[in-house]
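Here is a short briefing on one protein model and its ligand. Keep the sequence and the 3D view open while reading.

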Amino acid sequence: MTTSPDRFHILHLAACDSTSDYLRRQIARLDADFPLMVSADVQTAGRGREGRRWHSPEGLGIYATFGFHLDDGRALPLLSIAAGVAVIDMLQEWGGGTFSLKWPNDVLAEGRKAAGVLCETIVRGERVTCLAGIGVNLNQRRQDFPAELQHQAVSLRMLSGREWSVAEGRELLAAAFCRRLRQLSAGEADLVLERARELGRSFLGRQVRFRQGGKTWSGVCRGLADDGGFRLETPAGGETVLYSGEMID
Ligand code: BTN
């Protein structure tokens, strides 16, 4: 279903605007090194989903974009789920605490956001390239986040009271993401789904709102579809499966 990397090559930069934008601009030159993780100590224009900014101060978080080719663009929703699951695998193996997954791939701890994923594609002829950008809050203190995010964001340091090695975290994340991508390509998507469902179980049956472009949907969360979509029970009692946008509460 997808290419199955044994490991990601690594290109680490001291600084860049956004690791995803850097990789996109340099794709012709860097293609030969795929699968590739481009990471940076600091991003000056980090991007989040829905056009938001991803605050990326030097040395306080993991900022990394994983580039790899897909055999089949339909695998994208599952890949995006696998990225969120991999972040939680890595954080839990590392001893960072207890986390949940909010569709598609927000990583939450104590109801606040500890990591986010921005999956994008580049289509060139038959070739689909996935750029999975991952940001993990590691060493921020509450006051390091912009004021408007201080109630919504959390870091590993705030959860544990100690500092974490960003370099070690990056390596563990690359290994964890590889493992999940290998499961997808080995026909073991059920293992990824099972874990994602377990990590997202607190949302099941809850009344939620869902934003997709300019549109907001309300309904009851019915969990993950087998292809990685989000099952929403509509007020009329039917069910719709959403593939883009995000759950907002
Ligand atoms: C989200 O809104 O939750 C997604 C955040 C994704 C942030 C990461 S940091 C590395 C990569 N580069 C970017 O500019 N964004 C992603």
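**Ligand site**

The side chain of Ser-18 places an N or O atom 2.8 Å from an oxygen atom of the ligand. A polar contact here is a pair of N or O atoms within 3.5 Å; within protein, one must be able to donate a hydrogen and the other to accept it, and residues adjacent in sequence count only if both atoms are side-chain atoms. The model is predicted: local features need pLDDT of at least 70, side-chain atom pairs count only at pLDDT 80 or more, and totals for chains, interfaces and linings use all residues. Residues are numbered from 1 along each chain as its sequence is written, and side-chain values use heavy atoms, with hydrogens and water left out.

- A side-chain N or O atom of Lys-113 is 2.5 Å from an oxygen atom of the ligand.
- For Thr-19, a side-chain N or O atom is 3.2 Å from a nitrogen atom of the ligand.
- The protein covers 99% of the 420 Å² of accessible area that the ligand has on its own. Accessible areas come from the Shrake-Rupley method with a 1.4 Å probe; for residues, only the protein chains shown count as cover.
- The ligand has 21 residues around it, and Ser-18, Gln-43, Arg-47, Arg-49 and Lys-113 come nearest. A residue counts as near if one of its heavy atoms lies within 4 Å.

- Seven strands form an open, mixed sheet in the order 1-2-3-7-6-5-4. Strands (E, at least two residues) and helices (H or I, at least four) are DSSP runs, numbered from the N terminus. Two strands pair if DSSP finds at least two bridges between them.
- Strand 1 (9-16) and strand 4 (100-102) each have a single partner strand, so one side of each has no neighbour in the sheet.
- Neighbouring strands of this sheet are turned by 20 degrees against each other on average, direction ignored. Axes are lines fitted to C-alpha atoms, for helices over the stretch in contact; angles run from 0 to 180 degrees between N-to-C directions.
- Three bridges pair strand 4 with strand 5 (residues 106-109) in the antiparallel sense. Ser-100 has Leu-108 of strand 5 as its bridge partner.
- Helix 5 (residues 166-185) packs on the sheet, touching strand 1, strand 2 (36-43), strand 3 (61-70) and strand 7 (127-137). Contact means heavy atoms within 4.5 Å.
- The direction of helix 5 makes about 30 degrees with that of strand 3.

**Helix pair**

- The axes of helix 5 and helix 6 (residues 189-199) come within 6 Å and cross at roughly 125 degrees.
- Helix 5 and helix 6 are therefore oblique to each other. Under 35 degrees counts as roughly parallel, over 145 as roughly antiparallel, 65 to 115 as roughly perpendicular and the rest as oblique.
- Helix 5 contributes Arg-180, Gln-183 and Leu-184 to the contact; helix 6 contributes Ala-189, Leu-191, Val-192 and Arg-195.

**Five-stranded sheet**

- Five strands form an open antiparallel sheet in the order 11-10-9-8-12.
- Strand 10 (residues 230-233) and strand 11 run antiparallel, joined by four bridges. Phe-230 stands opposite Leu-242 in strand 11.

**Loops and backbone**

- Asp-31 sits in the loop between helix 2 (27-30) and strand 2.
- The Phe-34 to Pro-35 peptide bond is cis, with omega near -5 degrees.
- Trp-103 and Pro-104 are joined by a cis peptide bond, omega about 0 degrees.
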